[in-house]
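This report goes through one protein model, part by part. Please keep the sequence and the structure in view while reading.

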Amino acid sequence: MSSTTTTRVPHPVRAAAMAVAVVFLLVGVLGFVPGITAHLDRISFAGPDSGAHLLGVFHVSVLHNLVHLLFGAAGLALARTVPSARSFLIGGGVVYLVLWLYGLLVDKGSAANFAPFNTADDWLHLGLGVGMIALALGLKGNPNARSA
């Protein structure tokens, strides 16, 4: 008697949404880890006065980290089906493009910089926005992939 084992992989769009979501969860957690986030003792809940920098580069606050965690959790939940995974990637990409524009326009020292963002965050947001939308639109189905 022979048994055949088949391995079913998730649809590429679902896999991409899961990977992006896990990265957001990881970034959200690492934003609270001393040594990975420089000057963690100077973190504030929100606003430009937060002195913490993830990897010594990206300006973060408690709010910024919580948003990453929530975004990651939402991404995992939405990665359950192809249409919702694609929506997460496109919608999230649009959100990050809006954040990029906001970061370019906002006075970095003002209360309007509530998340807070710095120039490194701005360019990361551009890359995330373009990358997430490209994944959503560029990944096609695979006959062996699970769509749900």
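## His125 in helix H4

His125 is part of helix H4, which covers residues 119-138. Helices (H or I, at least four residues) and strands (E, at least two) are DSSP runs, numbered from the N terminus. His125 counts as buried because its relative accessibility is 2%; buried means under 20% relative accessible area, exposed over 50% and partly exposed in between, with a 1.4 Å probe and protein chains only. Apart from neighbours within four places in sequence, His125 is in contact with Tyr96, Leu97, Leu99, Trp100 and Phe117. Contact means heavy atoms within 4.5 Å.

## Basis of the model

The model is predicted: local features need pLDDT of at least 70 and side-chain atom pairs count only at pLDDT 80 or more, while totals for chains, interfaces and linings use all residues. Residues are numbered from 1 along each chain as its sequence is written, and side-chain values use heavy atoms, with hydrogens and water left out.

## Overall layout

The protein has four helices and five strands. Read from the N terminus, the order of elements is β-α-β-β-β-α-α-α-β. The C-alpha trace spans about 70 × 30 × 20 Å along its principal axes.

Of the 148 residues in the protein, 35% are buried. Taking contacts between residues at least 6 apart in sequence, 63% join residues at least 24 apart.

## Annotated spans

An unreviewed UniProt entry places the feature "transmembrane region" at residues 12-36, 56-78, 85-103 and 123-139. UniProt positions are given in the numbering used here, feature names are shortened, and annotations may be inferred rather than shown by experiment.

Residues 12-36 are 76% helix and 0% strand, with 31 Å between the end C-alpha atoms. For residues 85-103 the figures are 100% helix and 0% strand, and the end C-alpha atoms lie 26 Å apart.

## Helices H2 and H3

How do the axes of H2 and H3 cross? Helix H2 (residues 62-78) and helix H3 (residues 82-105) have axes that come within 8 Å and cross at roughly 155 degrees. H2 is therefore roughly antiparallel to H3. Axes are lines fitted to C-alpha atoms, for helices over the stretch in contact, and angles run from 0 to 180 degrees between N-to-C directions. Angles under 35 degrees count as roughly parallel, over 145 as roughly antiparallel, 65 to 115 as roughly perpendicular and the rest as oblique.

On the H2 side the contact is made by His68, Phe71, Gly75 and Leu78, and on the H3 side by Ser84, Ala85, Phe88, Gly92 and Tyr96.

## Thr37 in strand E2

Thr37 belongs to strand E2 (residues 37-38). With 1% relative accessibility, Thr37 counts as buried. The side chain of Thr37 reaches the backbone oxygen of Leu30 at 2.8 Å, and one of its polar atoms lies 3.4 Å from the backbone oxygen of Gly31.

Beyond neighbours within four places in sequence, the contacts of Thr37 include Phe32, Ala52, His53 and Val60. Between Thr37 and Val13 there are 31 Å in space, C-alpha to C-alpha, and the two are 24 residues apart in sequence.

## Ser50 in a loop

Ser50 sits in the loop between E2 and strand E3 (52-54). Is Ser50 buried or exposed? Ser50 is buried, at a relative accessible area of 3%. Its side chain reaches the backbone nitrogen of Ser44 at 3.2 Å. Neighbours within four places in sequence aside, Ser50 is in contact with residues including Arg42, His59, Val60 and Pro116.

Terms used. Polar contact = N/O pair within 3.5 Å; in protein donor to acceptor, adjacent residues only side chain to side chain.
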